[in-house]
Amino acid sequence: MALTDGDASSSSCDGDDEYQKFIQKMNPPRITIDNTSSANATVVHVDSANKYGILLEVVQVLTDLNLMVKKAYISSDGGWFMDVFNVTNQNGQKIMDKSVLDEIVEYIHKCLGADSFFSSSKARYVGVEPSSDYTLIELTGTDRPGLISEVSAVLTDLECNVVNAEVWTHNKRAAAVMQVTDTKTGLAILDTERLRRIKERLRYVFKGSNRSQDAKTTLMMGITNTERRLHQMMLEDRDYERYDKDRANVNPTPMVSVVNWLEKGYSVVTVRCKDRPKLLFDTVCTLTDMQYVVFHGSVDTEGPEAYQEYYIRHIDGSPVNSEAERQRVIQCLEAAIERRVSEGLQLELSTGDRVGLLSDVTRIFRENGLTVTRAEVSTRENKAINTFYVRDAAGRSDVDLKTLEAIREEIGQTVLQVKGNPDHLKQPPQESPTRFLFNSLFRPRSLYSLGAIRS
């Protein structure tokens with residue numbers, strides 16, 4: 001049988017994969033944990049045969065385990081990968097729990113072992129495994145107020161239940177990864193014609209009135225690292241392209257520079273910005289998706305700001321080779337840092353799961369003049385735990401307390417918590433004691449009380 005160009009490319013990739021597995025079997029990774037050399041962090045040493053994407057794989061494991069990387073030293077020049085990570089838990093403390101330390105070693109071994117695989121191709125999905133539990137939906141398009149509400153309503157109308165979802169918005173673009181099931185069977189949707197209708201309806205909603213930049217909708221069966229995939233989708237959608245007026249809304253602005261060290265054939269990337277969780281993952285993810293390899297680097301977050309320095313080359317062996325490409329690297333890294341910085345009120349909704357819950361909640365937000373800038377939706381043991389970042393209709397991050405009360409009254413018997421910065425709540429003007437008395441008499445105590453709302 002004759003091979004097409006795609007088949008030939010696939011065959012070549014398979015051969016490279018087998019060689020990479022052979023090298024890894026001959027040189028298994030070594031992971032050591034040191035809790036004595038640093039006074040305030042657990043030190044993780046990773047030594048392994050080098051391969052493309054290995055840094056991202058290790059950083060992704062540390063991120064998935066909710067570890068904070070305080071310092072890192074990266075060296076992967078030649079055939080060996082030797083990295084050191086100083087990590088803490090979410091409270092900034094050393095990892096003393098033996099079960100967590102064992103997990104770190106076990107998961108890194110799994111991701112670097114001979115049976116692991118990392119694809120540089122954008123046509124493949126990192127970490128995808130077959131699954132009959134749900135259908136995976138990916139969406140990209142133009143952001144606008146009420147978009148998530150419209151998407152949720154369409155899915156409910158099409159008898160789809162959203163089990164898990166994550167939505168990012170940045171620079172007037174939106175990307176979503178959703179796991180849905182059939183409302184009747186609770187399993188993945190298999191009917192081809194029904195999948196086609198779902199895809200067309202969602203594509204129409206995401207496209208909206210914008211015709212200059214087309215919407216994209218993908219349906220598949222499987223699992224993927226959601227945040228990894230969202231970075232890829234936003235990059236492919238070119239959310240890093242913007243006007244100067246868009247930059248003015250970013251506070252604080254990350255500082256990114258790229259200079260060439262011609263004698264050594266490296267481009268040196270430096271990043272300075274406010275530290276936050278998953279910052280290292282976001283920058284390494286972007287460099288990898290742009291097909292750059294980090295040969296040396298250092299990370300330090302213990303000062304007044306996070307500092308990252310990378311010595312990179314493209315996978316073809318060249319440094320950043322033009323001014324246009326230099327600007328693109330800077331813009332892409334800035335965008336990667338900003339995607340998670342959702343300036344707005346963080347609301348967490350925790351209640352029993354039911355079909356149409358996401359549609360109802362986002363509709364209530366929209367009807368009360370709030371726009372969702374980011375969302376994380378999950379279902380655990382028939383309980384929905386949803387986090388929303390919202391702004392008012394004018395795009396301001398301050399939300400009126402009366403608006404929040406009205407939302408909670410309409411949602412009903414659920415628990416709504418305010419997380420993050422309490423300054424994003426605007427207090428209403430003081431009312432007269434008489435008016436307050438009559439209002440409290442006729443308002444149900446369980447709905448009026450904001451005891452469940454805390455910062």
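## Overall composition

The protein contains 13 helices and 18 strands, taken as DSSP runs numbered from the N terminus (helices: H or I, at least four residues; strands: E, at least two). The model is predicted: local features require pLDDT of at least 70 and side-chain atom pairs pLDDT 80 or more, whereas totals for chains, interfaces and linings use all residues. Residues are numbered from 1 along each chain as its sequence is written, and side-chain values use heavy atoms, with hydrogens and water left out.

Of the 455 residues, 48% are buried, where buried means under 20% relative accessible area (1.4 Å probe, protein chains only). Among contacts (heavy atoms within 4.5 Å) between residues at least 6 apart in sequence, 74% join residues at least 24 apart.

## The eight-stranded sheet

Eight strands form an open antiparallel sheet in the order β1-β2-β4-β3-β11-β12-β10-β9, two strands being paired if DSSP finds at least two bridges between them. Its edge strands, β1 and β9 (255–261), each pair on one side only. The twist from one strand to the next averages 20°, with axes fitted as lines to C-alpha atoms (for helices over the stretch in contact) and angles running from 0 to 180 degrees between N-to-C directions.

Strand β2 (residues 42–49) is mostly covered, with six of its eight residues buried. Five antiparallel bridges pair β2 with β1 (residues 30–34), and Arg30 stands opposite Asp47 in β2. Eight antiparallel bridges pair β2 with β4 (residues 80–88); here Val46 stands opposite Asp83 in β4. Elsewhere in the sheet, β10 (residues 266–273) and β12 (residues 306–314) run antiparallel and are joined by seven bridges, with Cys273 opposite Ala306 in β12.

Helix α9 (residues 323–338) lies across β9, β10 and β11 (292–300), running at about 145° to β9.

Which residues of helix α10 (residues 357–367) are buried? They are Leu357, Leu358, Ser359, Val361, Thr362, Ile364 and Phe365. An α-helix has 3.6 residues a turn, so residues three or four places apart point the same way. The cover over the buried residues of α10 includes the helices α4 (147–157) and α11 (401–411), together with the strands β6 (160–170), β13 (345–352), β14 (370–380) and β15 (383–392). After α10 comes Gly369, whose phi is positive, near 80°.

Definitions and conventions: Buried < 20%, exposed > 50% of the residue type's maximum accessible area, 1.4 Å probe, protein only.
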